[in-house]
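Subject: Structure handover

Hello,

Here is the structure we talked about. Please open it first, then read my notes beside it.

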Amino acid sequence: MIYFDNSATTLIEPSVLKTYEKVSTDFFGNPSSLHRLGDQAQQILNSARQQIADILHCQAGEIYFTSGGSEGDNWIIKGTALEKHQFGNHIITTNIEHPAVTNTLHQLEKLGFDVTYLPVDKTGHLNPEDVRKAIRPETILVTIMAVNNEVGAIQPIKAVAQILKNYPNIHFHVDAVQSVGKALYKQLKDERIDFMTFSGHKFHAPRGVGFIYAKNGRRIAPLINGGGQEDNWRSGTENTPAVVAMARALRLTTENEEQQAQRQNQLRKILYDHLQTLDNIVVFSQMDASFAPHILCFALKGVRGETIVHAFEKEGIYISTTSACSSRKGEQPITLSAMHVPDKIATSAVRVSLDENNTMAEMQQFVIALDKIYQHFQVLN
């Protein structure tokens, strides 16, 4: 089996799974309990929080645990809307965001909030000046993804941050779900960023756990009220085993990150170069530094994306149409539509997404399978 669908989810790392099992068995107490078992659980939870903060070069008190990326995006956006509605009702985003962002904003629009959806260029990148032009006195939030999940375009986060330094009262949120382990954090992190969203299952942690970074001094209203966990920001008994496992996964994924990202990019270039030799192939991802090293999106004209996905599956290779969240619904890729790719080509798009475990041998086998599938459909056409 060759698994090239890592932007959808990653395989849990074996030692991370062992950590999850050990914590589940040995530290099963409720961290809020006053007895020894509760204290042990609280200590190991705090240790995981500090470990994540050290990796992100922030303070432990700026890390809050969630159930994953969707909750994180919902919490920051709705939490800002609730916290700052008396100061304004305008939010700025792009038209290529993950559904966890766009659908949240659509819900807020029904409640009277005004959202500006900024366009991207033909490569899937935002123009930072469009953010400046869109800012109004009533703007309360700018929310932009770091790495596009469909084509891999890295958004100009630092340029937007520079603009927002002149608007200190506007919250700046970055969906960083696709950026972990790709040697991009230094390129993206900026002191002007107020909130960032992360999801554990994108970097070999268990599903159902994630975290947000929330800069000290910035406030958002809680989405989940209850027993006051997470410093009264996010109630609910903490998922201690998953949190501790996630902290380990983050550490392992970010070790030797530069070399691992470079290797993924080398594999991606092999596929990119080969695709350039084939007629009727359109490649949407590019090989320059404005694209992440692990995502490559392309289309075989005249063949629907899901057909290509199943053709590769018969070869024991797993890829996806563009976004895993929309692939089963048969929806047109959001990003390609925003890039003004014609419908008949966009519906043929597929995504290859790599991680540090993929090998040269796998990519070579993928290219062989690609040629076989390509020839099959060329004959049919």
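Let me begin with a pair of helices. Helix α3 passes helix α4 in a right-handed crossing. Right-handed here means that the near helix is turned clockwise from the far one by less than a right angle, and left-handed means anticlockwise. Helices (H or I, at least four residues) and strands (E, at least two) are DSSP runs, numbered from the N terminus.

Before going on, some ground rules. This is a predicted model: local features need pLDDT of at least 70, side-chain atom pairs count only at pLDDT 80 or more, and totals for chains, interfaces and linings use all residues. Residues are numbered from 1 along each chain as its sequence is written, and side-chain values use heavy atoms, with hydrogens and water left out.

**Two helix pairs**

Back to α3 (residues 69–84) and α4 (residues 99–110). They pack at an angle of about 30 degrees, and their axes are 9 Å apart. Axes are lines fitted to C-alpha atoms, for helices over the stretch in contact, and angles run from 0 to 180 degrees between N-to-C directions. The two helices are therefore roughly parallel to each other. The cut-offs: under 35 degrees is roughly parallel, over 145 roughly antiparallel, 65 to 115 roughly perpendicular, and the rest oblique. Contact means heavy atoms within 4.5 Å. On the α3 side, the residues that meet α4 include Ser 70, Ile 77 and Ala 81. On the α4 side, Val 101, Thr 104 and Leu 108 are among them.

Now take α2 (residues 36–56) and α8. They pack at about 25 degrees, with axes 9 Å apart. So α2 and α8 are roughly parallel to each other too. Their crossing is left-handed. The contact includes Ala 41, Ile 44, Ala 48 and Ile 55 from α2. From α8, it includes Val 243, Ala 247, Leu 250 and Arg 251.

Asp 54 lies in α2. It is partly exposed, with a relative accessible area of 47%. Buried means under 20% relative accessible area, exposed means over 50%, and partly exposed is in between (1.4 Å probe, protein chains only). Asp 54 and Arg 251 are 197 residues apart along the chain, yet their C-alpha atoms are separated by 9.7 Å.

**Strands**

Strands of a sheet pair through backbone hydrogen bonds, either parallel or antiparallel. Two strands count as paired if DSSP finds at least two bridges between them.

Start with β5 (residues 139–145). Seven of its seven residues are buried, so β5 is largely enclosed by the rest of the structure. Three bridges join β5 to β3 (residues 90–94), and these strands run parallel. Ile 91 has Leu 141 of β5 as its bridge partner. Five bridges join β5 to β6 (residues 171–175), again in parallel. Here Met 145 has Asp 175 of β6 as its bridge partner.

Then find the open sheet of three strands. Its order is β9-β10-β12, and the pairing is antiparallel. The edge strands are β9 (281–283) and β12 (349–353), each pairing on one side only. The twist averages 25 degrees from one strand to the next. β10 (residues 295–300) and β12 pair over five bridges. Ile 295 stands opposite Ser 353 in β12. Helix α9 (residues 257–275) lies across β9, β10 and β12, at about 20 degrees to β10.

**Cores**

A nonpolar core is a set of buried Ala, Val, Leu, Ile, Met, Phe, Trp, Tyr and Cys residues joined through side-chain atoms within 4.5 Å. The largest one has 52 residues. Ile 63, Val 142, Phe 172, Phe 198 and Phe 211 touch the most other members. Helix α8 (residues 240–254) gives the most to this core, with eight residues. Another core, of 29 residues, lies apart from it; Phe 4, Val 283, Ile 319 and Tyr 374 are among its members.

Most residues other than glycine have a negative phi. Asp 231 is not a glycine, but its phi is positive, near 60 degrees. Asn 232 also has a positive phi, of about 70 degrees. Asp 231 is found in the loop between β8 (210–214) and α8, and Asn 232 is found in the loop between β8 and α8. Asp 231 is exposed, with a relative accessible area of 59%. Asn 232 is exposed as well, at 56%.

Best wishes
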